[in-house]
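Here's a quick briefing to read alongside the model. Have the 3D view open as you go.

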Amino acid sequence: MRMRRKKWAQPFLYAHPEYALTDPKNNAGLWKQLLGCKRLHVEIGTGKGDYLNTMSAMYPEEGWVGIEKEHNAAAVGCRKALEDTVHDTGNRRMIIGYAEDMLEWFAPHEIDVIHLNFSDPWPKKYAHKRRLSSEKFLEMYRILLNENGSLRMKTDNKSLFEDSVLYFLEDGWQLTEFSVDYRRTPHPEDAITEYENRFMSLNQPIYQLAAVCRTVKKEM
Ligand SMILES: C[S@@+](CC[C@H](N)C(=O)[O-])C[C@H]1O[C@@H](n2cnc3c(N)ncnc32)[C@H](O)[C@@H]1O
């Protein structure tokens with residue numbers, strides 16, 4: 001659902017260029033140095049940033065970068081991060097832009113974990129190629145993840161989940177985690193996202209997987 005326009009959002013983002021980045025080409029290959037970490041996480045489609053902010057506070061020794069195309073949502077997350085005086089935000093950053101441009105912002109094999117949380121399901125067949133777990137994106141993640149890297153996905157959408165399992169397997173990924181009711185058992189190590197909270201309160205199951213791409217894709 002598109003958020004109502006917030007007049008303060010754009011000026012706020014422009015006022016914090018050290019945190020809210022619009023085209024961080026110069027950071028490619030240098031993210032771990034910049035964030036002072038050995039492991040780099042990237043969350044695509046942060047929405048209002050609850051997951052990024054909570055996880056970066058829970059794991060201060062790891063680096064966290066969020067990507068969000070909507071200025072209004074991104075600004076809410078950035079404001080929460082920058083107003084958080086308890087936790088140091090030195091290990092997190094936000095990129096305001098489209099994930100489609102990731103190859104310009106990160107060097108090959110720079111990322112350890114990619115998180116897709118409640119990505120837009122794009123239910124119409126003609127729009128499946130826009131799904132963040134579709135083939136075009138998997139090709140890009142394969143370049144960006146390091147050899148031990150993994151992708152973690154959570155969704156409430158059964159069709160998106162089932163289709164995504166096929167996308168991963170057809171593209172030569174291996175599933176290392178798979179659940180059709182992830183929150184039935186406690187996962188205190190993994191923060192609950194804003195959308196996840198909404199679906200959990202409606203008693204809807206959360207679908208979850210993790211995948212690795214160690215195999216080289218077979219040529220057809
Ligand atoms: C359904 S919301 C989920 C938000 C959050 N991850 C959560 O779980 O609460 C999906 C978010 O992904 C963002 N998004 C979708 N496609 C994107 C893309 N290609 N690049 C960057 N952000 C994207 C949308 O703007 C939206 O804020």
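Pairing needs ring centres of Phe, Tyr or Trp (its six-membered ring) within 6.5 Å; planes under 30 degrees apart are stacked, over 60 edge-to-face, and the rest tilted.

This is a predicted model: local features need pLDDT of at least 70, side-chain atom pairs count only at pLDDT 80 or more, and totals for chains, interfaces and linings use all residues. Residues are numbered from 1 along each chain as its sequence is written, and side-chain values use heavy atoms, leaving out hydrogens and water.

**More on aromatic pairs**
- The structure holds nine aromatic pairs.
- F137 and Y141 are both buried (under 20% relative accessible area; exposed is over 50%, partly exposed in between; 1.4 Å probe, protein chains only).
- Y195 and F199 make a tilted pair too, at 6.3 Å and 50 degrees.
- Y195 is partly exposed at 29% relative accessibility, while F199 is buried at 14%.
- Ring pairs join F118, Y195 and F199 into a cluster.

**Around L132**
- L132 lies in the loop between β5 and α6 and is buried, at 16% relative accessible area.
- Its contacts (heavy atoms within 4.5 Å) include F137 and Y141, leaving aside residues up to four places away in sequence.

Methods: Helix = DSSP H or I, 4+ residues; strand = E, 2+ residues; numbered from the N terminus.
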